[in-house]
Amino acid sequence: MTVDPNAATQSFPPSGPAHRAPGPARYLVPALVAAAVAVGLGVYGKVHDPTGTAFNLAGFSSTGAVKSWLASTAFFFALVQLVSAFMVYGKLPGPRWAAALHRWSGRIAFLVAVPVAVHCLYALGYQTYGTRVMWHSALGCFFFGAFSAKMLLLRSQRLPGWLLPLVGGLVFTVLTLIWLTSALWFFRTFGVTT
């Protein structure tokens, strides 16, 4: 056997079949992490004693206004992420930097949503006293579980082409429902205030 010194370096030992189907763990681990995150947040929200408030920002009339504006900001960046996802997948025309826009709008949406979730869990807890509140609590926990699964799936290779858009669409849909049951409800009930 002769070796060409100019040939590209190859891995040793030789890798297995190039088109091996992903194992069930590739799907099971993100699903289990999602369930653990969602259930963990729900249990924490239910068993701890709510404090009533966790933060307030100068310039806002109430904590509800702060949360509603932060949630609306997160929802806006989620809309940007949805449109940029269509650009990345070639369903809409877009600039070369659509992928960067998609990543950064998602990061901003998540970072803006975290203080809202922290306040909801710490100050209010997991509540079920009304239909809207019960759905909001459940969807909030589910959102962070689904988001965790999406982040784990992003780094997986050889996934079916439909899986990541499906999970991303689920995350967007849940965030939309959370916004409808919180910020939109607040603005309709108390007016668009700061």
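The legends below describe close-up views of helix packing and pockets in a predicted model.

**View 1. Helix H1 against helix H4.**
Two packed helices are described by the angle between their axes and the distance between the axes. Helix H1 covers residues 25-47 and helix H4 covers residues 131-154; they pack at an angle of about 155 degrees, and their axes are 7 Å apart. Angles over 145 degrees count as roughly antiparallel, so H1 is roughly antiparallel to H4. The crossing of H1 with H4 is right-handed. On the H1 side, the contact is made by Arg26, Pro30, Val33, Ala34, Val37, Ala38, Leu41 and Gly42. On the H4 side, the residues include Cys141, Phe142, Phe144, Gly145 and Ala146, as well as Ser148, Ala149, Leu152 and Leu153. By class, the contact of H1 with H4 has 13 nonpolar residues, three polar and one charged.

**View 2. Helix H4 against helix H5.**
H4 also packs with H5, at an angle of about 150 degrees and with the axes 9 Å apart. H4 and H5 are therefore roughly antiparallel to each other. Their crossing is left-handed. The residues in the contact of H4 with H5 are 17 nonpolar, five polar and two charged.

**View 3. Helix H2 against helix H5.**
The axes of H2 and H5 cross at roughly 145 degrees and come within 9 Å. This crossing of H2 and H5 is left-handed. H2 contributes Gly64, Ala65, Ser68, Trp69, Ala71, Ser72, Ala74, Phe75, Ala78, Leu79 and Leu82 to the contact. H5 contributes Phe172, Leu175, Thr176, Trp179, Ala183, Phe186 and Phe187. The contact of H2 with H5 has 14 nonpolar residues, four polar and no charged.

**View 4. The largest pocket.**
Rolling a probe the size of a water molecule over the atoms shows where empty space is left. The largest pocket has a volume of about 980 Å³. It is lined by 29 residues, and those closest to its centre are Gln81, Ala85, His102, Lys150 and Leu154. Helix H2 (63-88), helix H3 (98-124), H4 and helix H5 (163-190) are the elements that each give two or more residues to the lining of the largest pocket. H3 gives the most, with eight residues. The lining of the largest pocket is made up of 19 nonpolar, five polar and five charged residues.

**View 5. The second largest pocket.**
The volume of the second largest pocket is about 750 Å³. Of its 37 lining residues, Lys67, Cys120, Leu124, His136 and Ser182 are the closest to the centre. The elements giving two or more residues to the lining of the second largest pocket are H2, H3, H4 and H5. With nine residues, H5 gives the most to this lining. The lining of the second largest pocket divides into 22 nonpolar, 13 polar and two charged residues.

Technical notes. Residues numbered from 1 in each chain as written. Predicted model: local features only at pLDDT ≥ 70, side-chain atom pairs only at ≥ 80, totals over all residues. Heavy atoms only, no water. Axes fitted to C-alpha atoms, helices over the stretch in contact; angles between N-to-C directions. Helix = DSSP H or I, 4+ residues; strand = E, 2+ residues; numbered from the N terminus. Parallel < 35°, antiparallel > 145°, perpendicular 65-115°, else oblique. Left-handed = near helix turned anticlockwise from the far one by under 90°. Contact = heavy atoms within 4.5 Å. Nonpolar A, V, L, I, M, F, W, Y, C, P; charged D, E, K, R; others polar. 1 Å grid on protein atoms, 1.4 Å probe; cavity = no way out; pocket = protein on both sides within 12 Å on 5 of 7 lines; lining within 4 Å. Points joined across faces, edges and corners; volume = space filled by probe spheres on them.
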